[in-house]
Amino acid sequence: MPELPEVEVVRRGLERWVSGRTVAAAEVFHPRAVRRHVPGAEEFVSRLRGRTVGTAQRRGKYLWLPLDGSDAVLAHLGMSGQLLVTDPGSPPEKHLRIRLSFTDGGPELRFVDQRTFGHVLVTALADSAGRPVPEPITHIAADPFEEHFDAGVFARRLRARQTEIKRALLDQSLVSGIGNIYADEALWRAGLHGARPTERLTGPKIAELLDAAREVMSEALEEGGTSFDSLYVNVNGESGYFDRSLAVYGRRDLPCRRCGTPIVRESFMNRSSYSCPRCQPRPRGLRTPGRAGP
DNA sequence: CCACACACCTGTGCGC
DNA sequence: TGCGCACAGGTGTGTG
């Protein structure tokens, strides 16, 4: 379940191991892995041959490798995607989907993905929110660590939404990089229940929430990325498993680290939300599912 | 334009 | 032992 910190760990790995090298050949082992590459798998392969990779880039949960010229290889890891740097001769992984070899005969880059929610494609770059990004992700908002991220614009757009705060945090067109785990953690730090209506949040509270999101993701990044199962592996194949910094996620019935109240799990958007019922009281009245408004 | 439900996937763990 | 099912959940698409 890679979110921003995990993806950043992968980006750093790509920058170290892949940037500056020239692709000798690409192979696609599963068509679903390149389903977003509109011209098809064969074109994907021919488009990559002989191209030299620039400095690895990231926005939110998306990664890309600029190519000489004006396009880039774009990747999203989805739920279970991994980018592995491996010895050229090593045996194929069970869920190996794409392999890139390089002209220097050095390590290969492999895209391995069990659940096939992730994908890779080659695309042109376009301008978005102050910098060039791959065309298919121009609708993805800047993440909170980008230089051009505008907290004022974020607060204004957030309050204009008629929705709940956790939904908004997960909306990558509003702010990118935050997934289910760090959304819960940021909400806990800010003392907000995920069902709080966005329209009634104050400017200072939104700023506090944004700071909390930045903090929790920075801390996870320092620890090498967080993930809740063994599926997430960084670019060198090492597990990014780490959960010491998590205060609520996956901690049902365990004591809140702030007040000791047992953490509760609630179902939300077909997934789990964890919160402290004392530190993060559920809003009363309006837009509580199954209840009439005042 | 906006909000939301749902499809897309596979492996794991649990109850019966 | 094996079967069925809930669960993990990010994103694009379709619907109202």
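A polar backbone atom of Asn 180 sits 3.0 Å from a phosphate oxygen of DNA strand C. The model is predicted. The protein has residues near DNA strand B and near DNA strand C.

**DNA strand C: surroundings**
- By class, the nearby surface holds 5 nonpolar, 6 polar and 5 charged residues.
- Sugar or phosphate supplies 72% of the atoms of DNA strand C within 4 Å of the protein, and bases supply the rest.

**DNA strand C: side-chain contacts to phosphate**
- Tyr 62 places a side-chain N or O atom 2.8 Å from a phosphate oxygen of DNA strand C.
- Lys 61 has a polar side-chain atom 3.3 Å from a phosphate oxygen of DNA strand C.

**DNA strand B: surroundings**
- Around DNA strand B lie residues including Arg 32, Lys 94, His 95, Gln 114, Arg 115 and Thr 116.
- Phe 117, Arg 161, Gln 162, Thr 163 and Arg 167 also surround DNA strand B.
- Of the atoms of DNA strand B that come within 4 Å of the protein, 78% belong to sugar and phosphate.
- The surface near DNA strand B counts 1 nonpolar, 5 polar and 5 charged residues.

**DNA strand B: side-chain contacts to phosphate**
- A polar side-chain atom of Arg 32 is 2.7 Å from a phosphate oxygen of DNA strand B.
- Thr 163 has a side-chain N or O atom 2.7 Å from a phosphate oxygen of DNA strand B.
- For His 95, a polar side-chain atom lies 3.4 Å from a phosphate oxygen of DNA strand B.

Methods
Residues are numbered from 1 along each chain as its sequence is written. Chains are lettered from A and ligands numbered from 1 in the order in which they are written. This is a predicted model: local features need pLDDT of at least 70, side-chain atom pairs count only at pLDDT 80 or more; totals for chains, interfaces and linings use all residues. Side-chain values use heavy atoms; hydrogens and water are left out. A residue is near a molecule or strand if one of its heavy atoms lies within 4 Å of it. A polar contact is a pair of N or O atoms within 3.5 Å; within protein, one must be able to donate a hydrogen and the other to accept it, and residues adjacent in sequence count only if both atoms are side-chain atoms. Ala, Val, Leu, Ile, Met, Phe, Trp, Tyr, Cys and Pro count as nonpolar, Asp, Glu, Lys and Arg as charged, and the others, Gly among them, as polar.
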